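Keep the structure open while reading.

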Amino acid sequence: MKDSSAAPYRGTILLLSCIIIALAIITTATGIFSRTGNGPYTYTSIRGEEITLYGKGIYRHMSEEVAVQGIGQDYITLFVVLPFLALSLYRTRKPGPSRQVILTGILFYLFVQYLFYMIMAMYSALFLLYVMLTGTTFFAFLLSFLSIDQRTLAHMVEKRYPRRFIGIFLLANTAAISLLWLSILVPPLLDGSIYPKEVEHYTTLIVQGMDLALLLPLAAVSAVAVLRKKTIGYLSASVYVVFLSLQMLALAAKIIAMGLSGYSIIPVIFIIPTILIFAVTGAVRMVRALKTDIPT
């Protein structure tokens, strides 16, 4: 019996994904190849700190450290994630939960990326494109998530699903990243300085806030649910580990970009690739476990 659960949404997901690919090509190519401007210069923030701004291209008003990270992520999105999305759209023409989980994880990665770009990147000519990408990726992700047949997925649980590996890994990653961000946020509160140096000239710490408020709790809840053999846990943990694989790949590219620009990348050059290896291992094992015939 063919799985028709995704049929009502398949056309909409395809249309939204085609729009996403077109818009993302424009934004990533602009981020990588735009070079207008005189180069780095010093800017005094409202808190009196001297910040080196990038001074070139679409990210010219971003701090140099953050701008090179954005360019690194643009490379991964343009040359890895978007082709991966196109391939996943092609493969989801055939029924199978593994294909739909992969597509949903890719869309979740793109949603998170452009949500961050929309609310964190300094205002530029790309703002409306970031808004459009945030909206289209959110609805494409939501429809793709809802289209996954949980009855079929529950059947797959009987197979060799890496429940403990993924659950424990997500909990460990949540704890590690939470401690990392809290080590940035808490000391200034204790010594009375309030503002971490990582705030630079921005209004607040968007990445740390979004991680601690949404993404890390989602990972923890998914981990607990999958360890308790809940169907929703198998679904959310599977999607999250695909997302995390792409997110860690993007972070690895960011770290490399920072290193090439002369910034210290110790110890993250060891931490992020390690998390990447575990995430990819979990994603591969999950996909292999879900690759089975649709039950009749």
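## Helix H7

The model is predicted. H7 has 22 residues, which should span 32 Å at 1.5 Å a residue. Its end C-alpha atoms lie 30 Å apart, so the span agrees with that expectation. H7 does have a kink of about 45°, centred on leucine 212.

Which residues of H7 are buried? They are Ile206, Gln208, Met210, Asp211, Leu215, Leu216, Ala219, Ser222, Ala223, Ala225 and Val226. These buried residues pack against helix H3 (97-120), H6 and H8. After H7 comes lysine 229, with a positive phi near 65°.

## Helix H6

H6 covers residues 163-191, 29 residues in total. From first C-alpha to last it reaches 42 Å, close to the 42 Å expected at 1.5 Å a residue. A kink of about 30° lies at serine 183, shortly before proline 187.

The buried residues of H6 include Ile166, Phe169, Leu170, Asn173, Ile177, Trp181 and Ile184. An α-helix has 3.6 residues a turn, so residues three or four places apart point the same way. Cover for the buried residues of H6 includes helix H7 (206-227), helix H8 (231-260) and helix H9 (268-290). Glycine 192 follows H6, and its phi is positive, near 90°.

## Nonpolar surface patch

Phe33, Tyr75, Phe79 and Val80 make a nonpolar surface patch of about 410 Å². Helix H2 (residues 64-91) gives the largest share, three residues. Phenylalanine 79 is found in H2.

Methods. Residues are numbered from 1 along each chain as its sequence is written. This is a predicted model: local features need pLDDT of at least 70, side-chain atom pairs count only at pLDDT 80 or more; totals for chains, interfaces and linings use all residues. Side-chain values use heavy atoms; hydrogens and water are left out. Helices (H or I, at least four residues) and strands (E, at least two) are DSSP runs, numbered from the N terminus. The expected span of a helix is 1.5 Å times one less than its number of residues. The bend at a residue is the angle between axes fitted to the seven residues ending there and the seven starting there. Buried means under 20% relative accessible area, exposed over 50%, partly exposed in between (1.4 Å probe, protein chains only). Contact means heavy atoms within 4.5 Å. Patches are made of residues with over 30% relative accessible area and no salt bridge: like charges are joined within 9 Å, nonpolar side chains (Val, Leu, Ile, Met, Phe, Trp, Tyr) within 5 Å. Accessible areas come from the Shrake-Rupley method with a 1.4 Å probe; for residues, only the protein chains shown count as cover. A salt bridge is a side-chain nitrogen of Lys or Arg within 4 Å of a carboxyl oxygen of Asp or Glu.
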